[in-house]
Structure formats: structure tokens, C-alpha cells
Amino acid sequence: MSDADKSEPNEAPNPFLPSPDDMQHWTSVIGRAQQMMLEYALGQANDGNASAAALFDPAKWIDNPATKLWTEQSSKMWDQGVAFWTSLASIGQPITPDAPPADAKDRRFTDAEWTANPVFAMIRQTYGLLAEQMLATTRQFEGLDPAARAKMEFAAKAMADAMAPTNLALTNPEVIKRAVETRGESLLKGLGHMLSDLSRGQLSHVDPDAFEVGVNIATTPGKVIHETDLYQLIHYTPTTKEVLGVPLLIFPPWINRFYILDLNPAKSFVAWAVEQGLSVFMVSWKSADASMSEIIWDDYIAAQVDAIDTVRAGLDVPAVHTIGYCVAGTTLAATLAMLSARGEADKVKSVTFFTAQVDFEQAGDLKMFVDDSYLALLEQLSAPGFLDGRYMAATFNSLRGRDLIWNYVVSNYLLGNDYPPFDLLYWNGDTTNLPAKWHRQYLVDLYRDNRMVIPNSLSVMGTPIDLRKIETPAFIQAGREDHIAPLASVWRLMDHLSGSKTFLLAGSGHIAGVVNPPAAGKYQYWTGDSDAATLDEFVAGASETKGSWWPHWIGWIAERDSAKTAVKGARIPGKGAKKAIEDAPGRYVKQR
């Protein structure tokens with residue numbers, strides 16, 4: 001009898017046993033992964049970063065305090081989970097978690113296996129129970145002041161998010177299935193993404209090569225017509241035959257690139273404002289370097305005054321409309337207070353605040369980053385005289401760690417997904433460096449000590465400032481879901497300014513609440529009684545309008561002064577006394 005005759009007639013291959021071809025492919029994947037890691041470590045060592053080579057030495061992992069903490073806490077958390085289910089079994093309760101966890105809409109657990117597979121269902125529910133237990137424990141501590149309790153809850157939430165089973169390949173069914181389907185190629189691709197990010201020192205949300213400033217992002221035509229060591233001034237090319245007589249000068253935050261307001265033609269606030277017949281000017285701040293170590297708040301205020309005077313003189317107009325976004329809005333308020341004290345308030349026709357704060361009592365989670373320990377860390381990180389923008393980006397990402405950190409760890413590293421070509425996320429990762437001295441001063445004087453709302457507590461350019469002296473007509477925009485400048489905090493502008501004020505509440509948050517073009521047909525905004533005594537009173541009487549708030553704002557601008565002038569001479573960038581230095585968006589926005 002032949003060997004073939006001896007085999008069982010109905011014998012079938014074991015579906016759980018990988019084929020020789022699969023085994024060979026997985027071996028190849030492992031080999032390529034090892035080679036990638038070795039090349040990265042050697043490259044970092046050759047660049048003088050000896051600590052990077054140790055990153056792939058398991059012995060060093062054990063010595064790492066962060067690794068120890070994560071390992072200890074993870075182990076403790078899952079030990080508690082085992083004890084929990086064991087206790088249920090001991091009293092005769094079923095240990096299969098048929099019921100979904102409390103947060104059934106959690107996007108991290110959308111894969112069907114989290115409910116259909118008993119093992120993953122138990123992991124999910126155990127995690128949910130233990131995460132809630134961790135948060136509940138922080139709320140039970142007695143004798144804590146509100147600030148200390150907020151810090152503890154923030155830390156507990158961050159740790160719970162970090163320990164989610166979705167963040168580990170072996171406890172994430174979607175990752176396991178993708179790895180099996182691709183025979184390990186997804187993990188290899190994810191490893192490439194991770195090593196690339198380690199080389200850059202920054203978590204990537206998009207392909208860093210997907211966009212180029214001035215080519216497919218920040219493309220509204222214009223000219224740089226003025227520059228200093230701190231900023232460039234861009235004048236955008238008109239698209240209408242006539243423009244409003246009063247020009248618009250925009251101050252973006254220096255902690256980000258200005259082109260959040262000029263992402264692409266469809267989203268660009270700048271392009272839209274030009275289309276409405278405004279002469280639009282934009283400040284582009286220089287990313288800090290060691291030469292800017294002594295830059296302080298006075299320098300940014302002097303720059304705002306310089307920009308205002310440059311536009312006034314260049315167009316031969318008495319005043320300008322201004323916009324201040326986020327920290328630049330805070331600084332613009334100080335500038336206006338100084339001008340008012342000096343009798344020069346008439347240089348500014350109106351001021352619009354995009355999600356800006358002057359009273360930091362209710363400034364939200366960012367207030368947790370102003371204690372002595374953080375300031376000491378900041379001083380260490382800012383030794384060269386400036387703070388690397390990647391640290392600031394990490395801080396902002398940590399405020400929404402589940403969405404802006406762990407979501408991308410899973411997608412980029414574990415699943416090996418391609419990066420989405422998303423201009424907003426590209427902007428978010430295009431960081432700017434901050435002058436160390438001024439950044440610390442900002443955190444201490446404003447966020448920690450809240451001195452800006454104390455009359456004459458702060459002086460700028462030799463002049464004590466008092467926000468109550470500002471009588472410039474103000475348009476104050478806030479985002480309903482803003483976690484950077486919370487709604488309640490932005491409202492405080494209404495309490496401290498003395499001129500006419502119009503408050504508008506936009507749907508969404510710090511970015512999407514501002515960058516919401518009419519053509520998109522998204523979100524909504526609320527208007528109401530700007531004389532309301534409190535935010536609650538305003539909200540109670542406010543009326544909702546679907547879509548973008550930009551048309552409402554341009555109507556407010558036109559009410560200030562609707563006179564128009566022909567587009568000729570200095571109204572064309574580079575054709576007046578201020579000659580063109582270079583095309584927009586200029587050099588400063590491209591500097592690292």
C-alpha cells in the first residue's frame with residue numbers, strides 16, 4: 001500500500017496552522033523589521049543621539065522610569081480585573097460580560113469582535129470598569145483644592161486612555177485581523193511610521209510630504225510688503241474693483257502658523273474676506289530661535305502697533321479693522337489698552353476676537369500646566385533661549401489625548417494605515433518655536449496670576465494697562481466646544497471692555513468654530529442680547545442660525561463704515577510706497 005493509500009480519506013488541512021508560504025513571509029517580515037530598527041538606531045547614534053540606540057535594547061526598557069510606571073500600573077489594573085471576575089465567579093455570578101459597557105458609543109471599540117467574541121468582550125468591559133474605578137478613586141480624595149483635584153482627574157483620564165486595550169496589538173482584534181490579512185505587512189508599515197516619527201521627534205497625523213506651503217496650502221495671492229526681525233506683513237491681492245475704505249489687519253497666534261486662516265481656497269478665511277471687498281493684511285510671525293531669547297510681551301505689542309501704523313501709512317487711512325486670534329487676541333487687547341491710555345485708540349476702527357481670553361480664571365485644562373514643576377521643566381526645555389514647538393504641540397495634543405494621540409498610534413503604528421491628506425492636520429503638526437522668556441512670562445502673569453484683569457497690574461512699553469479703558473467696538477466670537485479657550489472664559493471679555501460689544505457663539509471648537517466657510521454648510525451659530533448680564537442669560541435668549549457665521553461678521557464690519565474706494569495704487573500689493581519684498585506666503589512661515 002502506498003503512502004497515499006494510508007492517509008485518512010477525509011483528512012483536511014488545519015486552518016489554524018500557517019502554510020509554509022505564510023511562515024516564510026512572516027519570517028521575512030520579522031527580518032525586515034529587525035533591519036529597520038537596527039538602521040534607525042545606528043542612524044541616531046551616528047547623529048550623536050546615543051540614547052536612541054538604547055531604545056531598542058530591552059535591558060534599557062526595564063531601567064526606564066516611564067516604562068516601569070506604565071508596566072506597573074497596567075499590571076495592577078489587569079490584576080484588579082482578574083480579581084473582579086474571580087470574585088463574581090466565587091459567588092456564582094456569570095463571568096461572560098454580555099451587557100455592553102456604559103460607554104457603548106466609544107469609537108475605540110467599534111469592531112464587532114468587542115461584543116461578539118467573549119474574550120474581547122470581557123477585556124473591554126474589564127477595562128471600562130477599571131477605568132471608571134480609577135476616576136472614581138480620584139474623586140474620593142479628601143482635602144484637595146479644586147486645582148489639585150482637576151490635575152488628579154486629568155492625570156487619571158490620561159492614564160486610563162493610555163492603558164486602553166485598543167492601544168496594544170495583542171488585545172486589539174482589528175489589529176490582529178489586519179496583521180493576519182496582510183501577513184504582517186501592516187505591522188511592518190506601522191513600524192516604519194513609528195521610526196519616522198521618532199526621527200522627527202513628533203507624532204505625525206498626516207504625511208509630512210503631502211503639502212507644501214505656498215504650493216497646495218497657503219496659496220491666496222499676495223505680497224510681503226514689510227518685515228522686521230519678528231514678523232512679516234502680507235498684503236493680499238484684491239479680487240474686486242472696489243474695496244471697503246477701512247482695511248483689515250489680522251494677527252494670528254504665534255504659537256501656530258498663520259495659514260490656519262488660509263488652508264486652501266475652499267476653506268480660506270483670507271480668500272473669502274478678499275472676495276467680500278476687504279483690503280486684507282496678515283501678520284506672519286517668525287518662529288523663535290536663540291537670537292530671540294530676550295523677546296518679551298512688549299516686543300509683540302510693539303510689533304502689533306508697528307503693523308497697524310504700517311497699514312495706516314501705506315494706504316493713507318486713519319484707522320484699521322483688526323482681528324486677534326487666540327493669544328494674539330489676548331495681546332491685541334493689551335495693545336488696545338495701551339493705545340487707549342496714550343490717547344491713540346482711534347488708530348483702530350474695530351476689533352474682532354477669535355476665541356481669545358483676557359481673564360484666565362476659567363481658562364480650562366491648560367491652567368494645569370502652570371505650576372512650579374511644569375515651569376521648572378519648561379526652563380530645562382528652553383535652555384537654548386526658545387521652546388521647541390514640538391513640546392507645545394504635545395501639550396495641546398495631550399488635552400485631547402484619546403483623539404489626537406492614541407487614535408493615531410493605533411491607526412498609524414498598529415494598523416499601518418496610510419496617512420490621510422488632511423490640510424488641517426498638516427497645519428496642526430507644522431509647529432513654531434516660542435521665545436522662552438516671553439512664554440514663561442505669559443504663563444505666569446496671565447494663566448497663573450491672572451494679572452491682565454487687574455487694572456494697572458501690568459505695564460507694556462512703559463504704560464500701565466487697564467482693559468476698562470478700551471472703548472473700541474468689539475466683536476467677540478467663541479466656540480461652544482472649545483477646549484483651548486473655553487466659552488465661559490472668552491465670555492469674560494464682555495465683562496472687562498467698555499465699548500460696544502457684540503457676542504457670537506459658534507458651533508464646534510477652537511479651530512472648526514472659526515474656520516467654517518459658508519460654502520461648507522456646516523455647524524451653526526447663536527446670536528442674542530449682547531447686553532446680557534451673564535453667559536447663561538445670553539444663551540437662554542439666543543437664536544440659532546445654521547451654517548457659517550462669517551456673513552454675519554462681514555455685515556457687522558460694514559456697519560462700522562461702508563464707504564468704498566477704487567482698487568488702485570497702494571491698494572494693489574507692492575504698488576504703493578511699500579514695495580513687494582517677495583510673494584506670499586513669505587519666508588517666515590517656512591522657517592523651522
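Modeller: The buried residues of H18 are covered by elements including helix H12 (297-315), H13, helix H14 (372-381), strand S8 (386-387), helix H15 (389-399) and strand S9 (434-435). Cover here means contact, with heavy atoms within 4.5 Å. Helices (H or I, at least four residues) and strands (E, at least two) are DSSP runs, numbered from the N terminus. This is a predicted model: local features need pLDDT of at least 70, side-chain atom pairs count only at pLDDT 80 or more, and totals for chains, interfaces and linings use all residues. Residues are numbered from 1 along each chain as its sequence is written, and side-chain values use heavy atoms, without hydrogens and water.

Now the helix itself. H18 covers residues 436-448, 13 residues. At 1.5 Å a residue, it should span 18 Å, and its end C-alpha atoms are 17 Å apart, which agrees. The expected span is 1.5 Å times one less than the number of residues. Its buried residues are Ala436, Trp438, His439, Tyr442, Leu443, Val444, Asp445, Leu446 and Tyr447. Buried means under 20% relative accessible area, exposed over 50%, partly exposed in between (1.4 Å probe, protein chains only). Just after H18, asparagine 450 takes a positive phi of about 50°.

H13 (residues 327-341) lies across S4, strand S6 (320-325) and strand S7 (348-354), at about 135° to S6. Axes are lines fitted to C-alpha atoms, for helices over the stretch in contact; angles run from 0 to 180 degrees between N-to-C directions.

Next, the rings. Rings of Phe, Tyr and Trp (its six-membered ring) pair if their centres lie within 6.5 Å; planes under 30 degrees apart count as stacked, over 60 as edge-to-face, the rest as tilted. By this rule there are 29 aromatic pairs. Phenylalanine 154 and phenylalanine 369 have ring centres 6.1 Å apart and planes at 85°, so they are edge-to-face. Phenylalanine 154 lies in helix H8, phenylalanine 369 in the loop between S7 and H14, 215 residues apart. Both phenylalanine 154 and phenylalanine 369 are buried. Phenylalanine 354 and tryptophan 549 are also edge-to-face, 5.5 Å centre to centre with 80° between the planes. Phenylalanine 354 and tryptophan 549 are both buried.

Trp438, Tyr442 and Tyr447 are among its buried residues. One aromatic cluster holds Trp438, Tyr442 and Tyr447 along with Tyr231, Trp254, Trp285, Trp297, Tyr300 and Phe360.
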